[in-house]
Amino acid sequence: MEQERIISKRSLIHIKTAKVGEMDITHVSYNLRFWLLLFFAIFSFICSIFIIYRYLSNRKMRNGLHNHCIVLIIIINVLLIVTDIIWTLVSLHNTGRSPSATSSFCLIWWLFDDALYNSQTAILAWASIERHILIFHSKHVTTQKQKLIYHYLPPILLIIYIFTFHINVLFFQSCENSFNFNDLQCGSQPCYLGRNFLTIWDTIVNNAMPTVIITIFNFALLYRIIAQKKRLRQPIQWKKHRRMSMQLISLSAVYCFLDLPMVIFLFIQLIQDKDPDVSFISQLYLFIVTYSITLLLPFVVCLNSLTIDRQRHIRISATVTLPLYKKPFGQKIETIA
């Protein structure tokens, strides 16, 4: 019985391109994707290192509970760049050939690709829930025990679950994986995708559910922040909550606008019985959307950080210059009198 082909989220870019007229555009596709990915990967890596250094070297930022999930997401981003994206670049440079034509390397590549990417999404989903606790129920994270239960433990358990799931479905299934060493990510067709229960579980729980949680909880966070501002009328508390919420909402917007279409595509794949045949433009679009989610995150975090610094600098400058303005004015009045 022929195995049904179901495409995973991170393997959408491996769909075979169509032909335009008599010209095979596959080679053009490899070159264009290589240079696009290389350009953005370099700047994303530099930005990620800057963020990690900045957050860890600053004691106040390092101790801020709302920053921990952000730093963890960026660290995972670095791991994705130095593994999955570098291997993809090598493969694109070699017109699709795998950097190493061995089944063990392909399995490790699949593991790093899916597990790290899903870990990023899951941690951001948890951060969307946790931000409600930090802003509206901060009394639950005051003691060390509470911080362990409500802050440190959930991301650790999520990462353990995701890696355990992917190690199990990739290395310990009775079916036989199919490898194509002349295609990106060795064809990216692990055999567990042919098993309905595992495929549906992976699509709904590991891919769709985190994106839905990110969307719902961030819209709810924005609503609660605005409602609290109108009810309490406390400008200082509002500014603090606004900074904490906008930091997360801006990251979540990347997933809502870019990841949600991918989730919809996966659901369509679950109910289709044939391979999709997409054009070169469609494949290029899927490629850009797939990797832009990962590569854009550091820029969003960096922009938020610089915006907060600029606002803080403006407030400090205004506080310092006001007394200097009043002092000579007061002396002048005193002399005239």
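**Notebook: loops, helices and cysteines**

I began at T95, which has a relative accessibility of 30% and so counts as partly exposed. The cut-offs are under 20% for buried and over 50% for exposed, so 30% falls in between. I note at the outset that this is a predicted model.

**Entry 1**

I looked up where T95 sits. It is in the loop between α3 and α4. T95 comes after helix α3, and its phi is positive, near 50°. I checked the residue type too: T95 is not a glycine, yet it has that positive phi of about 50°.

I then turned to S188. S188 is not a glycine either, and its phi is positive at about 45°. I found S188 in the loop between α5 and α6. Is S188 buried or exposed? Its relative accessible area is 4%, so S188 is buried.

**Entry 1: the chain as a whole**

I listed the secondary structure next. The protein chain holds eight helices and two strands. Read from the N terminus, the order is β-β-α-α-α-α-α-α-α-α. I also took the burial total. Of the 337 residues in the protein chain, 46% are buried.

**Entry 2: helix α3**

Helix α3 covers residues 65-93, which is 29 residues. Where does α3 bend? The bend is at I81, by about 35°.

I looked at one cysteine in this stretch of sequence. C69 has a relative accessible area of 3%, so it is buried. I checked C256 as well. C256 comes out at 19%, so it also counts as buried. The burial cut-off is under 20%, so 19% passes.

**Entry 3: helix α4**

I moved on to helix α4, residues 103-136. Its 34 residues should span 50 Å at 1.5 Å a residue. I read 49 Å between the end C-alpha atoms, which agrees. I also found a kink in α4 of about 30°, centred on I129. How many of the 34 residues of α4 are buried? The count is 29, so α4 is largely enclosed by the rest of the structure.

**Entry 4: R131**

I stayed in helix α4 for R131. R131 is buried but has no salt bridge. I looked for the nearest side chain of opposite charge and found E130, 5.6 Å away. A salt bridge needs the charged atoms within 4 Å. I then looked for another partner. A polar atom of the R131 side chain lies 2.9 Å from the backbone oxygen of H66.

**Entry 5: disulfides**

I counted the disulfides and got two. One of them joins C106 to C186, with an S to S distance of 1.9 Å. I located both ends: C106 is in helix α4, and C186 is in the loop between α5 (144-171) and α6 (196-232). The pair is 80 residues apart and links distant parts of the chain. The angle about the S-S bond of C106 and C186 is -75°, a left-handed link. I found both C106 and C186 buried.

C175 and C191 also form a disulfide, with their sulfur atoms 1.9 Å apart. I placed C175 and C191 in the loop between α5 and α6, 16 residues apart. What is the handedness of the disulfide of C175 and C191? The torsion about its S-S bond is about 65°, so it is right-handed.

C175 has a relative accessible area of 23%, so it is partly exposed. C191 is at 3%, so it counts as buried. With bonded cysteines counted along the chain, the pattern is 1-3, 2-4.

**Entry 6: P261**

I finished with a proline. P261 is in helix α7, residues 235-271. Its relative accessible area is 35%, so P261 is partly exposed.

Definitions and conventions:
Residues are numbered from 1 along each chain as its sequence is written. This is a predicted model: local features need pLDDT of at least 70, side-chain atom pairs count only at pLDDT 80 or more; totals for chains, interfaces and linings use all residues. Side-chain values use heavy atoms; hydrogens and water are left out. Helices (H or I, at least four residues) and strands (E, at least two) are DSSP runs, numbered from the N terminus. The expected span of a helix is 1.5 Å times one less than its number of residues. The bend at a residue is the angle between axes fitted to the seven residues ending there and the seven starting there. Buried means under 20% relative accessible area, exposed over 50%, partly exposed in between (1.4 Å probe, protein chains only). A disulfide is a pair of cysteine sulfur atoms within 2.5 Å. Lys and Arg count as positive and Asp and Glu as negative; His and the chain ends are not counted. A polar contact is a pair of N or O atoms within 3.5 Å; within protein, one must be able to donate a hydrogen and the other to accept it, and residues adjacent in sequence count only if both atoms are side-chain atoms.
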